[in-house]
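I opened my notebook to look up two things.

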Amino acid sequence: MLGVYLPLVSQKESNGNKVDSQKTDWLSLWLIAGGLFTFGIAERIKIAERVYDWRVVVLEPQDIQLSKYRQVLDKLRQLHPPSGGHGIARFDAELILRFCQELLNHHQVPANTEEDEFDDFLQPINHFVSSFIGTHFGSKGQVYGVKEVFSLGLPGWISPKTSEELADYHNVLTEPLLILSTLSAEEGHSELLAAYRDFITGTNLFNFFRFQVIYADYIVKRLADPKAKPPRLFSLNGLNLMVKNFNHRQNDQELNLTDITQDPGFLRIAKAINSATVYAGKDEHGWDRIYGLAQRLSSQAGSKKDFIIELSIFLASYENENLRIDEELKKKGKYPRIWTTKDDLDRVINLIENYGSSLVANLLIAYGYAKGWGKSKESDKTDLSIESETELDNIEEGENDND
């Protein structure tokens, strides 16, 4: 394989990134090579200008039939292989996302499938395959040497329960692939790519938050550049589908995150963040865009008091701006921005008391910089003192103009 040699690796003899080759009989080597060429994925990875390494990975099956294993892997390699031209982190993230898509494609259920058969068929992605294991070969002139032995986990939150959800998850996986397609290590996006790779290869939602805070800054900078192509955004529907499969443990209790993300006060403030950052622009909408908000909120998220103060500062500034521009927007026939109330802030403070400031802050940032909020309407001024489904109806979901 263009000078790539394939030493066997022993867990006992591996020490960090140091790997020692072993003496093995020819039959074992032949079987290993056959298995690698049958079930492995190898790709040249661009490390620097005119410098390429090799990354070789194989699946670690857990509960999957051999025939399904072959079909999914063959389609991945032939039709949707991950790109190696934009750095290691993007290759790893694309590998996981594309494999998950192919596995979901294979799981398409005929219309006449019984419901109980469907339940047995669909499990979380990591129920079928636990991880990818691989070796990174670094360039050493004419040959390649082992640089790293690694493992990439698979997300447990991709867990469709119905045939409709199966299609929804497939769409959700398309969103990060489109976002990753605009990022490259060569263009200075290494931190962003590494943050998303850490999330999609693990089970920690806070890794997604780390990515989202950095990406929020990238979003507003791109939107401010008239020559730049508008950035891709995660959708509210996609975030809802992802978040609902994560639980938060607080005081020895498992709490459902949808209690946060479906709260009307949370939604109004998240939409206000969106209106002030993503859906903003003096020329297009009549008000200036706020920069650095995600970073300021994130920096204070570790303290309940400091985060509430920072959020209150934003809401006070946001309301003052609304008072200044509201009449002007009406005269020009433009949509007014959403209005927030003291009750909205009180509801979010209550969520902070129950769930902690870090979780609530990061969810506000994630939802605030998403697409799918639609345009503000007068109905956004509706009082929220009574909880009902109509409260959520007032927060319209539509496509953002920047998507």
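Which residue forms a salt bridge with Lys244? I found Glu165, with the closest N and O atoms 2.6 Å apart. A salt bridge here is a side-chain nitrogen of Lys or Arg within 4 Å of a carboxyl oxygen of Asp or Glu. Lys244 sits in the loop between α9 (236–243) and β5 (247–250), Glu165 in helix α6, and 79 residues separate them.

Notes on the source. This is a predicted model, where local features need pLDDT of at least 70, side-chain atom pairs count only at pLDDT 80 or more, and totals for chains, interfaces and linings use all residues. Residues are numbered from 1 along each chain as its sequence is written, and side-chain values use heavy atoms, with hydrogens and water left out.

Next I checked accessibility. Buried means under 20% relative accessible area, exposed over 50%, and partly exposed in between (1.4 Å probe, protein chains only). Lys244 is partly exposed because its relative accessibility is 31%. Glu165 is buried, at 14%.

Arg347 lies in helix α14 (residues 342–355) and Asp263 in the loop between α10 (258–261) and α11 (264–276), so the pair ties together parts 84 residues apart in sequence. Arg347 is buried at 12%, and Asp263 is buried at 11%.

By this rule I get a count of 19 salt bridges.

Then the sheet. Helices (H or I, at least four residues) and strands (E, at least two) are DSSP runs, numbered from the N terminus. Two strands pair if DSSP finds at least two bridges between them. Four strands make an open, antiparallel sheet in the order β1-β2-β3-β4. At its edges I found β1 (40–48) and β4 (143–153), each pairing on one side only.

β1 pairs with β2 (residues 51–61) in the antiparallel sense, over eight bridges. Lys46 stands opposite Tyr52 in β2. Helix α2 (residues 66–79) packs on the sheet and touches β1 and β2 (contact means heavy atoms within 4.5 Å).

What does the side chain of Lys46 meet in a salt bridge? I found Glu186, at 2.9 Å from N to O. Lys46 is in strand β1 and Glu186 in the loop between α6 (163–180) and α7 (190–200), 140 residues apart. Lys46 is buried, with a relative accessible area of 17%.

Key. Axes fitted to C-alpha atoms, helices over the stretch in contact; angles between N-to-C directions.
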